[in-house]
Amino acid sequence: MTLADRLPFLWPEIVLFGFTCWVMMLGLSPHRATRKLCAPFSGVALAIAGIVAWQTTPGAGQVARETGQVLLPGMVMYAKVAIAVVGILMLLLLAGTVDRADEAEIAARRQKFNPLSSNRAEFYSFFLFSLTGLMLCAGADDLIWLFLALELTSLPTYIMVTMSGGSAGAWMPWRNKSQEAGVKYFFLGALGAAVFLYGFALIYGGTGTTNLNEIRDHIASGGLDSLTMTGMLVALVGLCFKIAAVPMHFYTADVYEGAAAPVSAFLAFTPKTAGFLAILLLCGTMGWSYMPESAAGGRWVADAAGTSLPEPVRLMLWVIAALTMTVGNVLAIQQDSIKRLLAYSSIAHSGYMLVGVIAGPGETFAKSGLAAVLFYLLCYGVMNLGAFAVVGVLERASKDGSTDQVHEIETVDELRGLMKTRPILGWVMTICALSLLGLPPLLGFFGKAPLFTSAISAGEIVLVVVLGVNSAIAAFYYLRLVRAAMLESPDAAAPRTVESPFASRRTAGVLSAAGVVVLALAGNGIMRAAQHAAEYLPATDAAHEPAPAHGPGDHSAASDAGHVVEAPPKPTTPGH
Amino acid sequence: MAQSILILLIVVPLAFAAFLAWMPRKHAPAIALMGTSLAALLGVYTALIFDWNLSGRFQLENTVQWLPSLGVALQVGVDGVSLLLVLLTLLLGPICVLCSVTAIRERIKTYYGWLLVLQAAMTGVFVARDLILFYVCFEFTLVPMFILISLYGSTNRRRAAIKFFLYTFTGSIIALAGLVYVAWFAAGRALPGSSGWTFDLDILMRAAAELPPSTQAWVLGALLLGFAVKVPLFPLHTWLPLAHTEAPTAGSVILAGVLLKLGTYGIFRLAIPFAPAAFAEYAPMLAGLSIVGILYGGLICWVQTDVKKLVAYSSVAHLGFCVLGMTAGNEIGLTGSVLYMINHGLSTGALFLLIGMIYERYHTRDMAKLGGLAARMPVWSTFMVFFVMASVGLPGLNGFISEVMCLLGAFQASDNWGSGAWGSVADAMPGATPGLLGPWYAAIAGVGMIIAAMYLLQLTGKVVWGPLVEPTGHGHGGRDHGGHGLGGHDSAEHSTAAASHAGGHGAGGADASHTATSDKPHLPTDLTPREIGILVPLAVLCLALGLYPKPVLYAIDGSVAQTANLIREAGALKARPAGSPQVEPAPVEGAPAESDGKASAMAEEAAGSVAAGDAVTGGPGR
């Protein structure tokens with residue numbers, strides 16, 4: 001295997017990386033006009049990367065064990081295109097997050113352009129780096145690769161959080177808040193990374209390889225021994241940090257509150273997606289074909305009749321999912337700060353998606369929990385972005401009328417009367433909040449419906465009830481958003497709000513609200529794409545034949561091939 | 001056109017709502033009236049092309065693909081029952097627009113727009129032949145109603161709207177779990193005509209016939225939690241009085257006329273066919289709840305002083321009869337129940353309209369401040385007495401037929417398999433039809449009829465007849481303010497109402513000077529031609545249905561017979577000793593004659609649970 005074999009999988013990342021470097025170079029320019037190109041170039045980069053991903057990513061059948069992960073090969077293209085699309089929306093929303101004070105000073109002719117104080121290029125290149133890492137996660141076929149991709153996704157976000165408070169003026173009132181958020185996020189993120197890296201190490205210790213395909217074959221032939229199992233559990237807990245799930249959710253509200261709203265929107269999508277892609281891959285190495293009682297002598301062995309994850313993993317994810325949903329929703333009810341509210345809602349949505357992970361693969365869209373997760377990630381990215389966009393657009397008017405001192409709105413009450421004062425934003429908030437609530441016929445409902453159907457298909461009735469009850473609890477706080485925006489009169493006592501001067505933020509909100517409606521009416525193509533993306537290929541005879549037997553129970557692995565879609569053609573001989 | 005007429009019925013109000021949003025606000029009522037009238041005309045056309053001789057069959061079916069990956073399609077079709085309810089919805093549409101013309105003065109575009117959307121959603125529920133379409137429309141009725149109550153209601157509207165939304169939303173989420181479970185079960189059966197997941201109601205019903213009874217109980221429980229909240233059935237009714245009282249007149253009319261029927265329709269259309277055996281088993285319990293509702297609602301009405309709240313609680317009692325008839329499970333009870341849905345929509349809708357008219361004039365709903373209005377408003381009083389009589393169940397008016405049929409159904413439903421007290425006696429009675437309840441149920445519920453007569457006649461006696469009492473502070477029409485000596489208190493009440501109106505309509509401080517009286521157009525003492533015009537069709541229908549209900553009975557006959565058969569078969573299966581030769585291959589559980597057929601029953605049960613277990617753990621093809 002050479003690097004050239006891998007290229008077809010990496011063109012989008014290569015394009016994105018190339019553009020990222022270019023954006024960084026633009027940032028060295030002494031001219032203000034050139035530096036202003038950073039954002040448009042980032043958009044072009046994402047568009048090209050998306051098209052390249054769509055055109056060049058090999059289909060599920062063309063992936064070989066040597067060139068990429070063959071657990072969920074279809075996921076790569078879906079994830080990359082979705083990341084590019086949501087990335088472009090994010091880019092629109094991120095306009096004006098950095099350099100705003102400088103620009104205002106320049107516009108007011110109070111100061112000249114100072115290349116040293118402009119952070120634009122760094123910000124946008126970190127944004128692109130993060131999305132590059134996210135794309136790399138989808139195609140990871142190795143634990144090391146996966147770890148590096150996850151870190152490439154996360155590290156730039158720490159810096160983005162810190163920068164989002166603005167860097168130029170020390171008088172910026174919430175500068176400290178965003179720095180505090182950034183530091184908190186960084187240390188807890190490092191802790192999370194350490195935990196799942198520790199898990200990866202244990203998995204390596206248990207299986208003797210870091211290659212995901214080989215780990216899968218190893219587990220298929222010999223089952224999970226307790227060392228591998230411990231590794232899996234530890235790694236999954238560590239990944240809970242990325243998806244903001246209980247017990248690693250504590251940072252979420254503080255960080256989202258401290259960061260500027262557009263960056264919070266980015267945080268709610270990017271690390272979460274990375275975490276879920278990694279969780280799907282890790283669970284994919286184990287497969288969803290275990291009986292509840294299939295632990296024999298400290299070893300969990302797949303069974304032809306089994307339909308769930310190994311019991312310890314299933315149990316842990318079950319508890320995490322139920323707790324995450326409940327904690328997120330219950331705490332969200334008590335929030336007054338709109339960003340904290342959306343942060344807890346983001347936690348709750350991670351819980352919903354974990355239900356799909358537990359449900360596992362299936363041969364139709366409605367039965368496949370993995371397809372449900374992949375579809376929901378996109379839905380959540382779109383509808384959550386709209387809600388954050390409204391927060392990003394609305395700003396408190398400063399007392400002296402200057403625009404350089406920016407306060408975002410903070411409390412839900414500041415949304416009051418939005419429908420009357422700013423109908424477009426009012427509608428965006430209403431539609432997105434109702435969609436997040438899961439009210440039919442909006443996108444959120446059709447995102448949640450396959451979670452329901454797949455979980456019932458997998459026999460997780462109790463979890464479905466928990467999911468249903470949580471959807472009802474969520475009504476409390478999403479209705480508050482709707483009510484404030486739509487039904488209440490403007491609050492005379494509240495600080496006057498103005499719209500952010502960056503029209504593209506409003507565009508992002510409108511686009512996402514439109515997406516919520518349009519995708520609900522015509523989302524079948526995406527559902528089908530998600531279904532193809534979620535085709536899970538368990539280990540086959542040919543794959544693990546040469547693999548050394550690591551213990552008893554290797555007979556059972558081969559027979560579970562029949563329970564999911566047909567295995568891909570093997571273009572090359574197993575390279576052992 | 002004939003093919004897509006049902007979809008048109010949904011699309012037309014939506015299109016008009018969108019159109020309305022772009023037009024100047026002064027045209028809003030006219031556009032809304034045009035939209036609802038056009039929909040009503042299309043409804044008439046639908047009724048004409050519908051083959052009433054085959055009313056038990058779904059007709060005018062049409063399918064538009066929506067999300068095939070999820071098995072969701074825009075699939076519509078109507079049988080006699082749903083078409084009648086569609087017609088009721090469409091009839092109430094223009095009436096609701098007309099009754100709001102003078103009452104709603106603020107944010108009228110929002111108001112009429114959401115009214116049209118609400119109508120589309122309600123129509124959608126009744127015409128849906130796809131579970132998800134049904135659910136989408138069922139849920140989506142919440143949003144317009146939430147907005148109508150919380151923007152245009154009276155003092156307590158915020159709380160009422162939130163309570164309404166949370167109650168029904170929670171209920172329907174649980175119902176969704178039950179519905180999806182049935183769909184999953186059907187997906188596992190892989191019946192002919194289905195491929196994987198589908199939400200086609202026909203397929204689901206065929207598949208649901210195989211649900212083992214123990215599972216049916218869960219499904220029924222989940223569905224009932226959703227639908228009983230909407231009905232509302234006794235312990236879940238607490239949202240209704242508040243919502244009804246606080247809603248604007250048109251909102252109350254729609255709530256009483258159609259939205260509550262979504263619950264009973266859901267039970268009739270989904271809960272019974274999905275879980276007939278469980279329904280047969282738990283019918284006495286449901287009947288008990290509905291009887292408690294009848295008596296409890298009635299007794300609360302008796303002590304009510306708020307006219308609107310009285311009518312609201314009377315809905316709890318009336319819908320109790322409706323559910324009672326349904327739980328009887330025989331043709332006559334089910335027929336009465338379906339007829340009751342329509343009759344209740346007509347007469348209670350009209351009562352809310354009448355109370356709205358009084359409220360517009362006097363700004364009070366307190367019975368202590370209203371009295372003897374016959375002297376002041378003879379036309380209003382005539383209608384009031386008429387609709388109260390219809391609601392009480394005076395023979396010759398519509399309420400009577402359906403109420404008696406419900407009771408008769410419960411009475412005759414001597415169950416030859418269950419817990420009816422006089423089972424064997426009723427068997428011997430001529431004309432007895434097998435069903436689920438027994439004479440005791442009818443006897444106790446019958447007390448409810450008497451209570452209904454008491455509170456409604458008391459209301460009439462006080463408000464229509466009796467000494468003339470009017471609230472002070474209503475100087476229009478040269479009214480003399482009868483000497484009831486409550487002046488100070490009254491004007492306080494009035495000004496609160498006025499202030500709440502001004503605040504409610506949202507324009508903030510600028511509105512404070514607009515008191516209700518000075519802002520509103522001058523209403524004459526008695527009803528205007530417009531108001532008479534919206535009451536007359538309802539009155540005519542009440543009379544017609546009371547005197548000659550046969551065409552309607554004919555129209556619902558077929559569907560009711562099928563449902564009754566379903567219940568009867570399920571119940572009979574349960575009754576027969578398991579393992580006897582005539583038993584269908586369906587799994588049987590809990591046979592009453594346990595001693596003689598225990599072994600075979602157990603075997604049957606084991607077979608059933610193996611099937612169920614296979615279904616639960618395996619999942620088709622996984």
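A residue is called buried if 20 or more other C-beta atoms lie within 10 Å of its own, exposed if 12 or fewer, and partly exposed in between, with C-beta atoms placed from the backbone. These views come from a predicted model, where local features need pLDDT of at least 70, side-chain atom pairs count only at pLDDT 80 or more, and totals for chains, interfaces and linings use all residues. Residues are numbered from 1 along each chain as its sequence is written, while chains are lettered from A and ligands numbered from 1 in the order in which they are written.

**View 1. Strand β2 of chain B is covered on both faces.** On one side sit Val72(B), Leu74(B), Val76(B) and Val78(B), and on the other Ala73(B), Gln75(B) and Gly77(B), all buried. In a regular strand the side chains alternate between the two faces of the sheet. Strands here are DSSP runs of E with at least two residues, and helices are runs of H or I with at least four, numbered from the N terminus.

**View 2. β1(B) and β2(B) form a hairpin.** Residues 59-67 and 72-78 of chain B pair in the antiparallel sense over six bridges; pairing requires at least two bridges found by DSSP. Look for Leu67(B) opposite Val72(B). Four residues lie between the strands, and Gly71(B) takes a positive phi near 75°.

**View 3. Helix α19 of chain B spans residues 439-463.** Its 25 residues reach 36 Å from first C-alpha to last, close to the 36 Å expected, a span defined as 1.5 Å times one less than the number of residues. Among the buried residues of α19(B) are Tyr441(B), Ala445(B), Met449(B), Ala452(B), Tyr455(B) and Leu459(B). An α-helix has 3.6 residues a turn, so residues three or four places apart point the same way.

**View 4. Chain A meets chain B.** Here 36 residues of chain A are in contact with 35 residues of chain B, contact meaning that C-beta atoms, placed from the backbone, lie within 7 Å. On the chain A side, α18 (443-457), α19 (461-487) and α21 (524-533) each give two or more residues. The most come from α19(A), with ten residues.

Definitions and conventions. Two residues are in contact if their C-beta atoms, placed from the backbone, lie within 7 Å.
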